[in-house]
Each structure stands twice: as structure tokens, then as C-alpha cells.
Amino acid sequence: MSETATAVPQLTAKDFATDQEVRWCPGCGDYSILAQVQKVMPTIGIPKENIVIISGIGCSSRFPYYMNTYGMHSIHGRATAIASGLKASRPELSVWIVTGDGDGLSIGGNHTIHLLRRNLDVNVLLFNNQIYGLTKGQYSPTSETNKVTKSTPFGSIDHPFNPLALAMGADATFVARTMDRDPKHMQNMLTRSYQHKGSSFLEIYQNCIIFNDGAFEIFTEKSTKPEEALFLEQGKPLIFGANQDKGIKLDGMKPVVVELGNGVSADDLWIHDEHDFYKGQTLVRMFDDPAQSGIHFPRPFGVFYQTDRPCYEEMMALQLEEAIASKGKGNLDKLIRGKEVWEII
């Protein structure tokens, strides 16, 4: 008599929702991000009990309460440190870090760059609304220069962080950007983040309807999005525009905007390669200072760069295995004594 295999139940987005009241302001971009994460989670094939969402402090950091997985609402800026410890001790878990531009780039900035350089296999979702929302509207590390807020009544004199440039500088192995008002694109970027082996860094443009409404409107509104947003696709030319009649071409190493036609075709354009570190560096910086370049570029969205590098937790496990295998061969006194010993005569 043959045994009948037990069918694995197919999860849905509802299975990842909790009974907690979602407490964000009506119209907040966080609602869309939550919805897309809940839609993507059933597709990655990981049991709910093996998924952990860790957050810091801020509006975004309420996320664990609304996800029917394991999670932790930790302390300001330290979600990355706590997630590092969890992944190192439980490498089989799928660990997601939810943070904001204030939480992850100000008090938590140092933890963020070290997580990325170590390359633990975790996923960082950085909600960027260019403002401190939970603490009522102070400027953040990504607020634009001259931003007038409650903490900068005469305008911010700080130079803002470019989150993706920071991630590239920290040698992140996966760097991408999406936006709250493009659900399909966000779902794709979330899936790509999960599929990457190593630290994935996904910046999500998120609208704060109370303290910074419309910060990214030019990239999300139907009337302006085709001209202002450039969607990166592997192996395809960088084309944008309402009629797909504009593109990015490299003049040596310098990007320029060209119009298709009159002898310029898609074959002449910059072909996107996610594995090209130097072109990735150019892409994340392309829109930084239009006054200096004299060119108004569209804002890129998609996967800027990805590469393979050993994961921290795997290398740590190998060290432990070697230490266990050498049991009885080590010399504790010699280890404590070390190499820096002086003899006083």
C-alpha cells in the first residue's frame, strides 16, 4: 500500500497579514510596500517560520507587526547589527531588514556599510522619503540641500547622501532602486533581492504624505514618469521618453542624452550590464549634479549592479569547522600569549 504524499499548502498574501491594525497615515507609501512584500513572500518558497523581518526605529520600522512571520522591532539604527547576529547563528533563515533613510543612514549608517562589506546573505529594504516622519518632520541624511524643515528653518546646508552610491562604496554585492507607486516593478525588485546570494540593498522611494508629500512625484506621476524615470533592464539599451524616443549614450566615459533618429539608433546606446562595476558607479551618480554636468538626466530604477562574493556566515562556518577538526591540536597558552612578547633584560 503506497503512502500518499502530504500536499504543501499554497500560501497567499493573506497568510502573511496579521490581525494588527496598520497604523500609518492615510496615503502613506508604506501601505504599498507592505502589500507588495506580502504578495512576494508566498512566491519565494520559504515557510513563514523561516522568515524573519527586523526593523529599527521609524515609521517603516512598524513593519514586523504587520507581517505574519517572525520579527523584531529593534532599536534605532541597530537593525543591521541584530540581523547580522541572527544570520550568523541561524544561516538557514531568510532575513529581511526594514529601515529608513534616517534610521539606516544616520545613527545606523556605520552598521549599514559594515553589513554590506561583510556580505551576509540578508535583504535590506531602505525606505527613502527624504525626511524624518515618525519624529515629525526634521531633515534627514537624504534631504536635499536648502530643505526647510522643523530642524532647518533656514534650509539645510548639509550635502545629502546618495544611498546607492554609499552602497557601491561599501562594496555591496546587489544594489537596486524602486518606488512605492510602481507595484509590479517593486515586486520584481523584491524577488531579485531575495534571489541574490549575499547582501542585497534595495532603495525604495516612499512618499511621506504628511511631512514631505510629492518628493518623488515627478518619477511616479503618469504625465512626467516616462520622461523622468529610466528603467534598467539587463542587456538592453537605456531608452526612455513618452514615445521611447530618447536614450543614454556614452561619450567616452561620460553619459549624454540623445534623441533616436537622424542617424542615432538603439544600437548606439549604452547597453545595461548589471555586472559592470564601473558603469554601475556612473549610473548611481548620473543625476547627482545636473548644474555641473549641464545635462538633465532621467532617474534610473532597477538593478544597478550585482556580483558574487562569499557570504560572511559561510566563511565563519568554515572557520568553526576547521577549529573543531583541529581539536586537541591547539595550544591555548600559545594563543593567549600571542606573537607580541618582549623579554626584559
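Tutor: One term before we start: contact means heavy atoms within 4.5 Å. Also, this is a predicted model, where local features need pLDDT of at least 70 and side-chain atom pairs count only at pLDDT 80 or more, while totals for chains, interfaces and linings use all residues. Residues are numbered from 1 along each chain as its sequence is written, and side-chain values use heavy atoms, with hydrogens and water left out.

Student: Fine. How many helices and strands are in the protein chain?
Tutor: The chain has 13 helices and 11 strands. Both are DSSP runs numbered from the N terminus: helices are H or I with at least four residues, strands are E with at least two.

Student: What share of the residues is buried?
Tutor: Of the 345 residues, 44% are buried. Buried means under 20% relative accessible area, exposed over 50%, and partly exposed in between, with a 1.4 Å probe and protein chains only.

Student: Let's take helix α10. Which of its residues are buried?
Tutor: In α10 (residues 277-285), they are Gly-280, Leu-283 and Val-284. They cover an arc of only 95° around the axis, so they sit on the same side of α10. The arc is that of the directions from the helix axis to the C-beta atoms.

Student: Why would spacing like that put residues on one side?
Tutor: An α-helix has 3.6 residues a turn, so residues three or four places apart point the same way.

Student: And what do the buried residues of α10 pack against?
Tutor: They pack against α6 (163-169) and β11 (299-306). At the start of α10, a side-chain oxygen of Asp-276 comes within 3.1 Å of the backbone nitrogen of Tyr-278.

Student: Now α5. Which residues are buried there?
Tutor: Gly-109, Thr-112, Leu-115 and Leu-116 are buried in α5 (residues 109-118). Their arc is only 125° around the axis, which puts them on the same side of α5.

Student: What are the packing partners of the buried residues of α5?
Tutor: They pack against α3, β3, α4, β4 (123-128), α6 and β6. Just after α5, Asn-119 takes a positive phi of about 65°.

Student: Switching to holes. How many cavities of 30 Å³ or more are there?
Tutor: The count is 1. On a 1 Å grid over the protein atoms alone, a cavity is a set of points where a 1.4 Å probe fits but cannot get out; a pocket is an open set with protein on both sides within 12 Å along at least five of seven lines; lining residues have an atom within 4 Å of a point. The largest cavity has a volume of about 50 Å³. Volume is the space filled by probe spheres set on the points, and grid points are joined across faces, edges and corners.

Student: What lines the largest cavity?
Tutor: Among the lining residues are Arg-78, Thr-99, Asp-103 and Thr-112. Helix α3 (79-89), strand β3 (94-100) and helix α4 (101-107) each supply at least two lining residues.

Student: How much space is in the largest pocket?
Tutor: About 500 Å³. It has 23 lining residues, and those closest to its centre are Gln-130, Glu-144, Pro-160, Phe-287 and Arg-299. β6 (200-205) and α8 (217-220) each supply at least two residues of that lining.

Student: Last one. Which residues does Leu-86 touch?
Tutor: Leu-86, in helix α3, touches Val-52, Ile-54, Leu-93 and Val-95, not counting residues up to four places away in sequence. At 22% relative accessibility, Leu-86 counts as partly exposed.

Technical notes: Polar contact = N/O pair within 3.5 Å; in protein donor to acceptor, adjacent residues only side chain to side chain.
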